[in-house]
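Subject: Structure for you to look at

Hello,

Here is the structure I promised to pass on. Please open it first, then read my notes beside it.

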Amino acid sequence: MTDRAIGDTAGATYALGAALSFGAIVSLFLMARAVDPAMAFHGFLFFAFAVGGVFLLIRRHFNATANPERFAKEAAGYNDGIVRAGVIVSTFWGVVGFLVGLVIALQLAFPVLNFDLPWTNFGRLRPLHTSAVIFAFGGNILITTSFYVVQRTCRARLAGDLASWFVFWGYNLFIVIAATGYVLGVTQSREYAEPEWYADLWLTLVWVVYLLVFLATLYKRREPHVYVANWFYLAFIVTVAMLHIVNNLAVPVSWTGVKSYSLFSGVQDALTQWWYGHNAVGFFLTAGFLGIMYYFVPKRAERPVYSYRLSIVHFWTLIFLYIWVGPHHLYYTALPDWAQTLGMTFSVMLWMPSWGGMINGLMTLSGAWDKLRTDPVMRMLVVSVAFYGMSTFEGPVMAIKAVNSLSHYTDWTIGHVHSGVLGWVGFVSFGALYCLTPILWKRERLYSLNLVGVHFWVATIGILLYITAMWVSGILQGLMWRAYDSLGFLEYSFVETVEAMHPFYVIRALGGGLYVLGALIMAYNLWRTIRGDVRAETSEHERAPAALAQEGARA
């Protein structure tokens, strides 16, 4: 058995090593023939990744040969090494993404903070922030939790040991390529799809391997039933692949240059962009994180899902309806009116399955509501579900044409997006990290449950400051833009509307600062937990069982 395991890993090592060696040669060609400095720099990053991968493979092969018993023992259990790496990287990217968001929030309130430098202006840092939070933090959370959940719910080791590591490191290479490209001014100017053609090709390769690893793990499962969380993860992986490929169809100007032109133009380009853009929200930021909700909420509550039948209905209605809602970003444009109406109709219909999922998540706590008082991690997970319900109600309302005519292009949309991203995506991700860290490092509990409570309240106050400021400023913007005087002229100039936003932008920056502070508290807590430290404290979580026991004795 040991010899066979070593033989299998040796074959996989040689194959991946050959592929990485070929990649290093191609990277050298890109560096040598690059028509612009950005391509030369990114060619170097690809080269460093390939060479580093080859050395890691050599080291791994010799370690397996030198200690076959240990290798066989590790290969027999779950692959938790990649999940541990994912927890660390996700936490890092989260802090980085939130910090960049705070910087650009301050730049909007105090433009002098752009420093008149090309690398630090708002136009380059804004896509850096969105990609860091959505794809670096959110993407790593999804990959990490999906690898953990699919192993536990299938009772099978993750398929393709080296393939899964290729997905992990290959995806993070894409993040580095994208992030450095934004700072250098490399962009194809597509919302949530800024990286240029060569980065998109690399991500496509990584994503196909990710899909194969996930499917192969499901195929070799020892549990006959496919748990619903895996349905959501699989829908996220498959649909994001389709969205990414279609939206990023482009023709490069040169095979050794960064610039490319989209295959689409005009209103077709706009529709393709927002078909991708809103479904990136629907399947990356919603379906994938619902997979997290359906595993970690029941697990933390120690209760089964409230209604498994409702979870299946939630899945299929969400999958069918969400794919059609993109046109609600293009009201009152050259897009045909029937397509706009179709987008509005499906957006309003989407409210029903979304709230079905919220109710399912909240009602999972039936019989365990006391955990909201005693367990701050449970509190964070449940509030994330509440934010999911709130943002998925607000979204369909904003998709109604009459409301959209006031809200679109204003800060109201910014507030809506951040109520979902900070409240729903952020909190459910934090809850998953808090759940995973003690398990993966075999600790009795987190370093400090009290610090989890501090993180929860600091971040919650930050979110409330952020979204309320954006609601007020957005409605004020919309009303000022549509105000006319008695002669039929616009009553306010654009500069006057910008000036009116200043106090709300300061409040937003304050809220963002609190959210960053909460993320730093979490990073500290996880670091101390990984070290094996346990803070001497009497938390609510520990006091509650003792108090209940005393009450029972008195009764």
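First, a term you will need throughout: a residue is buried when its relative accessible area is under 20%, exposed when it is over 50%, and partly exposed in between (1.4 Å probe, protein chains only). The model is predicted, so local features need pLDDT of at least 70 and side-chain atom pairs count only at pLDDT 80 or more, while totals for chains, interfaces and linings use all residues. Residues are numbered from 1 along each chain as its sequence is written, and side-chain values use heavy atoms, with hydrogens and water left out.

**The whole chain**

The chain has 19 helices and 2 strands. Its radius of gyration is 25 Å, close to the 24 Å that the globule rule gives for 555 residues, so the chain is as compact as a globular protein of that length. That radius is taken over C-alpha atoms, and the rule is 2.2 Å times the number of residues to the power 0.38. The C-alpha atoms fill a box of roughly 85 × 80 × 45 Å along the principal axes. Of the 555 residues, 54% are buried. Helices (H or I, at least four residues) and strands (E, at least two) are DSSP runs, numbered from the N terminus.

**Aromatic rings**

A pair of aromatic rings is described by the distance of the centres and the angle of the planes. Rings of Phe, Tyr and Trp (its six-membered ring) pair if their centres lie within 6.5 Å; planes under 30 degrees apart are stacked, over 60 edge-to-face, and the rest tilted. The whole structure holds 45 aromatic pairs. Take W207 and Y210: their ring centres are 5.1 Å apart and their planes stand at 85°, so this pair is edge-to-face. Both sit in helix α7 (residues 197–219), 3 residues apart, which is about one helical turn. W207 is buried, at 7% relative accessibility. Y210 is buried too, at 0%.

Now compare F427 and F430. Their ring centres are 6.3 Å apart and their planes are at 50°, so the pair is tilted. These two residues lie in helix α16 (residues 411–440), again 3 residues apart and about one turn of the helix. Both F427 and F430 are buried. They also belong to one aromatic cluster, together with F98, F137, F387, F456, W457 and Y515.

**Charges**

Side chains of opposite charge can pair when their charged atoms come close. A salt bridge here is a side-chain nitrogen of Lys or Arg within 4 Å of a carboxyl oxygen of Asp or Glu. The search of the whole structure finds 11 of them.

One joins R126 and E191, at 2.8 Å from N to O. It links distant parts of the chain: R126 is in helix α5, E191 is in the loop between α6 (161–184) and α7, and 65 residues separate them. R126 is partly exposed at 27% relative accessibility, whereas E191 is buried at 18%.

Another joins E302 and K371, with the closest N and O atoms 3.5 Å apart. This pair also links distant parts, 69 residues apart: E302 is in the loop between α9 (266–301) and α10 (308–322), and K371 is in helix α13 (residues 371–374). E302 is exposed, with a relative accessible area of 59%, but K371 is buried at 18%. E302 also has a positive phi, near 55°, though it is not a glycine.

R531 has two contacts to look at. Its side chain meets D533 in a salt bridge of 3.3 Å, N to O. Its charged end also sits over the ring of W527, 4.9 Å from the centre. For that, NZ of Lys or CZ of Arg must be within 6 Å of the ring centre and within 35 degrees of the ring normal. K401 lies over the face of Y331 in this way, at 5.8 Å from the ring centre.

**The surface**

Which residues form a nonpolar patch on the surface? They are F41, F44, F110, V112, L113, F115, L117, W119, L184 and V506, with about 910 Å² of accessible area together. Patch residues have over 30% relative accessible area and no salt bridge; like charges are joined within 9 Å, nonpolar side chains (Val, Leu, Ile, Met, Phe, Trp, Tyr) within 5 Å. Accessible areas come from the Shrake-Rupley method with a 1.4 Å probe; for residues, only the protein chains shown count as cover. F115 lies in the loop between α4 (81–109) and α5 (122–154). F115 is exposed at 53%.

Best wishes
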